[in-house]
Amino acid sequence: MASEKLIILLVGSGGREHAIAWRLAQSDKVERVYVAPGNGGTTFGGKVANVDIAVNDFAKLTEFAIQKNVNLLVPGPEQPSVDGIQAVFKKIGIPCFGPSPKAAMMEGSKTFSKDFMKRHNIPTAAYENFTDYEKAKAYLQSVNHRVVLKASGLAAGKGVLIPTTKEEALAGIKSIMHDKEFGSAGDELVIEEYLEGEELSVLAFSDGYTIVPLPPAQDHKRAYDGDKGPNTGGMGCYCPTPIGTPDLIAQVKRTILQPTIDGMRRDGYPFVGMLFTGLMLTASGPKVLEYNVRFGDPETEVVLPLLGDDSDLAEIMLACVEGRLDAVSVTTKPGFGATVILASGGYPGSYPKDKEITIGDLPTGVTVFHAGTAVKGNKLVTSGGRVLAVSAVAPSLREAVDKAYAGISKINFDGMFYRKDIAHRAFKHAENNSQPKGLSYAAAGVDIDAGNLLVQKIKPLVKATKRAGTDSDIGGFGGLFDLKAAGFVDPILVSATDGIGTKLKIAQDCGIHDTVGIDLVAMNVNDLVVQGAEPLYFLDYFACGKLEVDVASDFVAGVAEGCKQSGAALIGGETAEMPGLYVPGDYDGAGFAVGAVDRTKIIPRAELAITAGDVVLGLASSGVHSNGFSLVRKIIASQPGLTYHSPCPWNKDTTLGRALLTPTRIYVKQLLPAIRKDLVKGLAHITGGGFIDNIPRVMPEDLAVKLDATAWELPPIFKWLKQAGNVSAYEMTRTFNCGIGMVVVVDAASVSEVKLLLEKAGEKVYQIGQVVTKAELNGEEVRVNGTETW
């Protein structure tokens with residue numbers, strides 16, 4: 001189709017559709033643009049013509065499309081897409097620059113989109129969904145923060161209420177769910193946490209794989225100046241916004257836009273068309289307010305005039321439907337755009353129609369896009385609430401805004417009203433930043449405010465790890481611990497430090513950051529308990545190129561959970577933002593743990609020496625834990641088409657990434673009772689080096705261990721790694737834990753008691769071998785028999 005002339009059917013009747021038709025008509029690839037039903041602005045000849053067919057009359061639309069040899073459909077408003085227009089036209093062989101019915105649910109159902117964001121770790125406000133009016137009221141009464149109320153279904157862009165008091169919120173729930181102010185759209189209600197910050201809109205082309213954002217825009221939803229009055233469909237817009245810096249847009253693309261497109265494709269409904277993402281720039285980073293699955297209005301009227309002269313909208317749309325968006329040019333002009341909406345008196349409430357409109361000679365650089373207009377008896381008249389969008393492009397925002405208002409002075413109709421402060425937030429921002437500023441730490445890429453916000457967010461997490469000996473307060477120069485208060489009389493301190501390794505790459509790829517915090521604690525505290533020590537406190541180190549507060553907070557939440565599982569107090573840490581050393585999105589973590597053991601209880605010790613004939617028990621692992629991931633990642637890279645987002649080969653109920661991110665099992669609280677009863681002679685934490693390198697670390701010089709691999713079943717994850725990577729059995733035993741995360745050496749007479757204690761604590765215990773002389777194994781330190789069954 002790339003060389004075929006395009007005959008396009010554009011469905012819709014607003015200012016958005018006029019702007020799209022206007023831009024499409026400039027393409028040499030376009031022969032004709034039919035707009036159904038169109039408006040007074042799309043009736044003036046050339047390549048563009050109106051068709052008197054309603055947007056929801058799919059039978060007549062398809063009949064017309066076949067008759068006129070239409071070869072590209074472009075749905076404008078959301079309702080036809082949600083109602084399935086793409087699938088209807090697909091059946092007759094006409095491609096659609098717009099989403100499938102399932103993909104359109106990202107706008108069609110707030111519940112659907114919020115659950116999607118939660119599933120794919122896309123930053124958004126905390127929320128709950130309700131279909132029961134009384135339960136929604138009860139939930140609202142239970143929360144102490146401000147909320148936003150969203151009718152889950154389509155409500156023409158108006159189904160959102162932002163109450164300022166609890167009373168207003170209760171009244172809002174009643175109006176949506178009980179009084180049906182927004183009709184069936186309010187059958188389900190989303191109650192969201194209210195986010196504070198600046199709003200931003202990003203329109204982005206997508207072919208299901210590639211996503212290309214256009215410059216960020218900022219809408220004005222309130223009807224009156226100063227952002228007062230009722231919500232509307234939008235009273236004006238400007239683009240690009242000064243707050244939408246290149247670094248911010250890069251972050252939005254990396255953390256929101258690309259994960260959204262990838263997530264939709266992996267969930268089985270790839271997105272093709274224009275994805276419109278509403279964002280809130282919070283103190284902890286950009287978060288999604290909502291998705292729209294089409295061009296925004298009035299954003300389209302301000303963004304399309306800025307599309308570069310070398311960018312052909314028709315070619316871009318065609319590239320999207322053919323899956324080759326990366327092969328076409330999408331550029332924007334230097335400069336700024338501003339759009340002011342002219343509305344009918346009474347909007348957004350009831351308003352009169354059929355008021356004659358006069359438009360004089362417009363200044364250069366001003367374009368008027370029609371929305372609620374019609375032609376009756378050779379007269380242009382009003383037919384809707386938002387009547388005209390007056391757009392201007394200029395080298396500066398001030399000039400663009402002034403041009404738009406100059407254009408308005410040439411337009412008149414009875415009852416016309418408009419906001420006179422479009423772009424006021426941008427001008428305020430410019431005013432506040434008008435004085436030259438010296439260089440700052442923030443300008444160098446280190447955000448101290450973000451660091452302080454992180455501390456405030458993690459304080460409750462840290463406080464939850466409080467134990468005897470510390471109050472787990474953070475923010476000081478150092479953490480304190482009182483050994484006497486912890487009950488120790490003659491203690492030996494034991495310390496450990498470790499990291500997480502390349503498992504972090506999988507966490508970063510998947511956007512799952514809380515489990516690796518548990519891994520970090522586990523790798524340290526499991527090393528303490530093998531010496532008989534009870535973990536006392538933990539400190540973490542988090543290093544990144546750009547501090548993303550929510551990512552860091554999730555990481556620390558995992559650390560706090562690991563501390564709770566092990567009984568250690570999280571008493572401090574360090575967050576290091578190092579631009580240039582790490583790229584945005586990358587981070588590393590390290591931990592430092594200190595434990596204590598009474599001098600007479602250290603493991604191993606002479607009076608409880610390991611001897612030949614002792615029994616070796618194995619405690620089940622939860623998976624790969626945190627070692628061997630360089631090999632794991634190499635094996636996965638060798639499998640064609642396999643990614644961390646693919647279904648897990650050994651567990652189809654989850655993804656490969658989530659399965660691999662199962663956190664390292666922490667064995668501390670389960671082992672301490674047996675240790676304190678002097679039933680444990682030795683412990684080996686099976687980390688990097690597997691059985692072969694870790695067990696000898698606790699054995700006397702003349703002794704060795706003989707293991708029986710048939711005593712436990714090799715878990716499915718290790719069977720798959722062995723087979724997919726063609727890894728030898730010996731390599732498996734010296735790289736992975738192979739299903740045994742902790743080895744316990746006990747006297748043969750104590751086996752039953754130790755097993756009982758551990759099983760009561762929830763451990764799966766296997767008798768996997770015995771201690772022998774090294775001479776019996778011809779000098780080998782560890783021999784694993786029976787691996788041929790793997």
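How many bridges join strand β9 to strand β10, and in which sense do the two strands run?

## Strand β9 and its partners

In this predicted model, three bridges join β9 to β10 (residues 211-213), and the two strands run antiparallel. Within this pairing, Phe-205 stands opposite Val-212 of β10. Four residues lie between the strands of the β9 and β10 hairpin, where Gly-208 adopts a positive phi near 100°.

Strand β9 also pairs with strand β15 (residues 273-282), again in the antiparallel sense, and here the pairing extends over nine bridges. One of the residues involved is Ala-204, whose bridge partner in β15 is Leu-275. Because seven of the nine residues of β9 (residues 198-206) are buried, the strand is largely enclosed by the rest of the structure.

## Helix α12

Helix α12 comprises 12 residues (residues 397-408), which at 1.5 Å a residue should span 16 Å; the C-alpha atoms at its ends are 17 Å apart, in agreement with that expectation.

The buried residues of α12 are Leu-397, Ala-400, Val-401, Ala-404, Tyr-405, Gly-407 and Ile-408. They cover an arc of only 155° around the axis and therefore lie on the same side of α12. An α-helix has 3.6 residues a turn, so residues three or four places apart point the same way.

## What the buried side of α12 meets

The buried residues of α12 pack against several strands, namely β14 (236-239), β17 (336-343), β19 (366-370), β22 (386-394) and β23 (411-412), and also against helix α13 (424-432).

Note on methods:
Residues numbered from 1 in each chain as written. Predicted model: local features only at pLDDT ≥ 70, side-chain atom pairs only at ≥ 80, totals over all residues. Heavy atoms only, no water. Buried < 20%, exposed > 50% of the residue type's maximum accessible area, 1.4 Å probe, protein only. Pairing = 2+ DSSP bridges. Expected span 1.5 Å × (residues − 1). Arc of directions from axis to C-beta. Contact = heavy atoms within 4.5 Å.
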